[in-house]
Amino acid sequence: MAKRRFERDKRERRTIARERIGILMGLAERASLGGKGARADRYARLAKSIGTRYNARLSRDVRMRICKGCGAYLAPGRTARVRTSRKMLCVTCTACGRVWRMPLKSKGGKNETGQR
Ligand SMILES: [Zn+2]
């Protein structure tokens, strides 16, 4: 019984963690748009560390916005280069130069990159 209670708490904490990550990413976006790149990076790193601490998986949108190499906030066109090639999405961090690829979903025919 004690275990079940613990499990529920864990799930609640994870929900709160996700909420906080969402708030931080919103702040990061605003900071980035306002030209405060260093602050945006800090928000992004905080969001990442909250995800790690509470074992909350970051959503695809959030994962695409944080560099896996240096933890910088990735704003396509400013701090990240986004390209498509062979049905893959290539994201390059302009701060550390790390590149990673992810497959583009063909279902629905929607352009998921949002940018060209
Ligand atoms: Zn980076």
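Mentor: Let us begin with contact: two residues are in contact if their C-beta atoms, placed from the backbone, lie within 7 Å. The structure before you is a predicted model, in which local features need pLDDT of at least 70, side-chain atom pairs count only at pLDDT 80 or more, and totals for chains, interfaces and linings use all residues. Residues are numbered from 1 along each chain as its sequence is written.

Trainee: With which residues is Ala47 in contact, leaving aside its neighbours within four places in sequence?

Mentor: Under that definition, Ala47 is in contact with Ile21, Leu24, Met25, Val62 and Ile66. Ile66 is also touched by Lys48, which touches Gly71 as well, again not counting residues up to four places away in sequence.

Trainee: How many helices and strands does the chain have, and in what order do the elements run?

Mentor: Helices (H or I, at least four residues) and strands (E, at least two) are DSSP runs, numbered from the N terminus. Here the chain has three helices and three strands, and from the N terminus on they run α-α-α-β-β-β.

Trainee: How should I read the pairing of the strands, and how many bridges join β1 to β2?

Mentor: Two strands pair if DSSP finds at least two bridges between them. In this chain, β1 (residues 80-85) and β2 (residues 88-93) run antiparallel and are joined by six bridges, with Arg81 standing opposite Thr92 in β2. Five bridges join β2 to β3 (residues 99-103), and this pair also runs antiparallel; within it, Leu89 has Met102 in β3 as its bridge partner.

Trainee: What lies in the turns of the two hairpins?

Mentor: Two residues separate β1 from β2 in their hairpin, and both Arg86 and Lys87 are found in the loop between these strands. Phi of Arg86 is near 50 degrees, a positive value in a residue other than glycine, and Lys87 likewise has a positive phi, near 60 degrees. The hairpin of β2 and β3 has five residues between the strands, and Gly97 in that turn has a positive phi of about 80 degrees.

Trainee: Are Arg86 and Lys87 buried or exposed?

Mentor: A residue is buried if 20 or more other C-beta atoms lie within 10 Å of its own, exposed if 12 or fewer, and partly exposed in between, with the C-beta atoms placed from the backbone. Arg86 counts as exposed because it has 8 C-beta neighbours inside 10 Å, and Lys87 is exposed because it has 9. Lys48, whose place is in helix α2, is partly exposed because 19 other C-beta atoms lie within 10 Å. Over the chain, buried residues make up 18% of the 116 residues.

Trainee: Which residues have the most contacts inside the largest nonpolar core?

Mentor: In soluble globular proteins, nonpolar side chains tend to be buried together. A nonpolar core is a set of buried Ala, Val, Leu, Ile, Met, Phe, Trp, Tyr and Cys residues joined through C-beta atoms within 7 Å. The largest one here has 16 residues, and those with the most contacts inside it are Ala28, Tyr43, Ala44, Ala47, Tyr73 and Leu74. At least two residues of this core come from each of α1 (2-33), α2 (37-53) and β2, and α1 gives the most, with five.

Trainee: Where does Arg57 lie, and how far is Arg57 from Arg14 in space?

Mentor: Arg57 lies in the loop between α2 and α3 (60-65), and it counts as exposed because it has 10 C-beta neighbours inside 10 Å. Although 43 residues apart in sequence, Arg57 and Arg14 are 8.9 Å apart in space, C-alpha to C-alpha.
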